[in-house]
Amino acid sequence: VLFRSQLLVGPRRAGGGFDDPVALLLEGKSDAPAGPVNTTIGLVATDAELNKEDANYLARVSHDGLALAIRPCHTVRDGDTMFSLATGRNKSPVDLTTLGAAAVEATAQAILRAVRQATGLGGTPSISRSEERRVGQVCRSRWSTSHQNTNTDHTTHLETHDPSNST
């Protein structure tokens, strides 16, 4: 996972730290299995009133948020998919470019948030406490910087979901 071209997490090195997955691929050092193994599925939702084509556009551009945060993204080994939902509660006119930009940012931020909140699974630990603090600081810094001057009538929201915590 990247933030401003800085690797936050990736394949773990035996001695600690992370490798750049794209560099591993380009150098022929990747031991990634063939077939779909790294799928990211997301939903971006808005209160705007959108028609089917506009909702499809919103889902399509939100893939840019995946590409901003996940490296590599959209490979033949994954099935990255984004969906969109529009409640239509807000009847005011919507600027689709602005809404799309918000969807991209919400998607990237949700991925960064998921990295921060991840727990270990199957013997693989989550990022270390020091890494967690660093990732958390980077995420908070980016969120506050990029949203200081945001003024929009429409809400765009993307949440991460932990299926192991279904209470």
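User: Is L85 buried, partly exposed or exposed?

Analyst: The model is predicted, so this value is computed from predicted coordinates. The relative accessibility of L85 is 42%. Buried would mean under 20% and exposed over 50%. Because 42% lies in between, L85 counts as partly exposed.

User: Which element holds L85, and which residues make the nonpolar surface patch?

Analyst: L85 has its place in strand 4. Strand 4 covers 81-90, and both this strand and strand 3 (41-48) supply at least two residues of the nonpolar patch. The patch has an area of about 400 Å². Its residues are I41, L43, F83 and L85.

User: In what order do the helices and strands of the protein run?

Analyst: The protein contains 4 helices and 5 strands. Read from the N terminus on, the order is β-β-α-β-α-β-α-α-β.

User: Is S62 buried or exposed, and which residues does S62 touch?

Analyst: S62 lies in helix 2, which spans residues 52-69. Its relative accessibility is 0%, and the limit for buried is under 20%, so S62 counts as buried. Leaving out residues up to four places away in sequence, S62 touches V44, M82, A103, V104 and T107.

User: Which residues does I111 touch?

Analyst: I111 is one of the residues with the most contacts inside the largest core. Not counting residues up to four places away in sequence, I111 touches V1, G65, L66, A69 and I70.

User: What share of the residues of the protein counts as buried?

Analyst: The accessible surface of the protein comes to about 10,400 Å², and 51% of this belongs to carbon and sulfur atoms. The protein has 167 residues, and the share that counts as buried is 33%.

User: Among contacts between residues at least 6 apart in sequence, what share joins residues at least 24 apart?

Analyst: A contact here means heavy atoms within 4.5 Å. Among contacts in the protein between residues at least 6 apart, the share that joins residues at least 24 apart is 77%.

Technical notes. Residues are numbered from 1 along each chain as its sequence is written. This is a predicted model: local features need pLDDT of at least 70, side-chain atom pairs count only at pLDDT 80 or more; totals for chains, interfaces and linings use all residues. Side-chain values use heavy atoms; hydrogens and water are left out. Patches are made of residues with over 30% relative accessible area and no salt bridge: like charges are joined within 9 Å, nonpolar side chains (Val, Leu, Ile, Met, Phe, Trp, Tyr) within 5 Å. Accessible areas come from the Shrake-Rupley method with a 1.4 Å probe; for residues, only the protein chains shown count as cover. A salt bridge is a side-chain nitrogen of Lys or Arg within 4 Å of a carboxyl oxygen of Asp or Glu. Buried means under 20% relative accessible area, exposed over 50%, partly exposed in between (1.4 Å probe, protein chains only). A nonpolar core is a set of buried Ala, Val, Leu, Ile, Met, Phe, Trp, Tyr and Cys residues joined through side-chain atoms within 4.5 Å.
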